[in-house]
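The following exercises are to be worked with the sequence and the coordinates at hand. Each task is followed by a solution in steps.

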Amino acid sequence: MRRIALINQKGGVGKTTITTNLGHALALAGHRVTVIDLDPQGQLASSYGIFRAPAKGIDQVMLEAQDPASVKQGIRDMLTLIPAGDCLQEIEHLHDGGASRAQLLKQALDGALDDQAFVLFDCPPSSGLLVANAIFAADEALIPVSGDHMSLNGLAKMMLTIKKFEPYLSKPLPTWIALNRYFPRRRLCKEVSEKLKRHFSDQLIHTPIREAAVIAECPGIGRTIFEYKPGSQSAKEFQSLATELLARDPG
């Protein structure tokens, strides 16, 4: 099983969009996938067409030691969802438990979801306790970066956050970078792309995900790109992202 945290403390870089479509791409390739919404906004469920967000989810798993199987639901063939739940924000405000607060998710999932090939954590735009839980529970990290300098700053800060946690992890966390919301004709996007290739060549996913109206339209109708426009360039790009991740060796 590969557990991948999609993280960037900057908002608007497309973490939920990538989680939604990457999860479905991997499932379509024949892999069992569970996506877990660690963002209290709870938008992952609606991205798959569940517009009335479930009241219970990963919040109950982490706060009440509820069995993950009791809150997950099948949403597509080979694809299951564990939603955020109404009380997920409370985890950011926990004061008791010391350092163990950052391992609630890891402990809650221990021995669970072992039949899954992939578990994807859709993380909030922060570097708080929920992101710390994702880092401790994950085997890998995928950092989406959009084509602007503020997103690059978010990447730099996220790298520092991961480095801060590494002494407490059982092994270094392999980290991949995905260029998202890419405008190939925009000079700034090209500059960001060149910087990523120069400084993170081994970690950068080769296929960028371009900004496209069809991707923006998908969440409003609760469909992935493979359901809404399966023959589109965007669908091909997400398929490429999945294929490349499958080929990457997390060590």
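**Exercise 1.** Is glutamate 166 buried, partly exposed or exposed?

*Solution.* The model is a predicted one. Begin with the position: glutamate 166 belongs to the loop that links helix H6 (149-165) to strand E7 (175-180). Next, take its relative accessibility, which is 28%. Buried requires a value under 20%, and exposed one over 50%. Glutamate 166 therefore counts as partly exposed. Finally, list its contacts: leaving aside residues up to four places away in sequence, glutamate 166 touches Pro172 and Leu173.

**Exercise 2.** Determine the strand order of the open sheet and explain which strands stand at its edges.

*Solution.* The open sheet has 7 strands, ordered E3-E4-E2-E5-E1-E6-E7, with mixed pairing. From one strand to the next, the twist averages 25 degrees.

**Exercise 3.** Describe the lining of the largest pocket.

*Solution.* The space in the largest pocket is about 320 Å³. Its lining comprises 19 residues, with Gly14, Thr17, Ile215, Ala216 and Pro219 nearest the centre. Sorted by class, the lining holds 6 nonpolar, 9 polar and 4 charged residues. At least two lining residues come from each of helix H1 (15-28), helix H2 (43-47) and helix H8 (213-221).

How values were computed:
Residues are numbered from 1 along each chain as its sequence is written. This is a predicted model: local features need pLDDT of at least 70, side-chain atom pairs count only at pLDDT 80 or more; totals for chains, interfaces and linings use all residues. Side-chain values use heavy atoms; hydrogens and water are left out. Helices (H or I, at least four residues) and strands (E, at least two) are DSSP runs, numbered from the N terminus. Buried means under 20% relative accessible area, exposed over 50%, partly exposed in between (1.4 Å probe, protein chains only). Contact means heavy atoms within 4.5 Å. On a 1 Å grid over the protein atoms alone, a cavity is a set of points where a 1.4 Å probe fits but cannot get out, and a pocket is an open set with protein on both sides within 12 Å along at least five of seven lines; lining residues have an atom within 4 Å of a point. Grid points are joined across faces, edges and corners, and a volume is the space filled by probe spheres set on the points. Ala, Val, Leu, Ile, Met, Phe, Trp, Tyr, Cys and Pro count as nonpolar, Asp, Glu, Lys and Arg as charged, and the others, Gly among them, as polar. Two strands pair if DSSP finds at least two bridges between them. Axes are lines fitted to C-alpha atoms, for helices over the stretch in contact, and angles run from 0 to 180 degrees between N-to-C directions.
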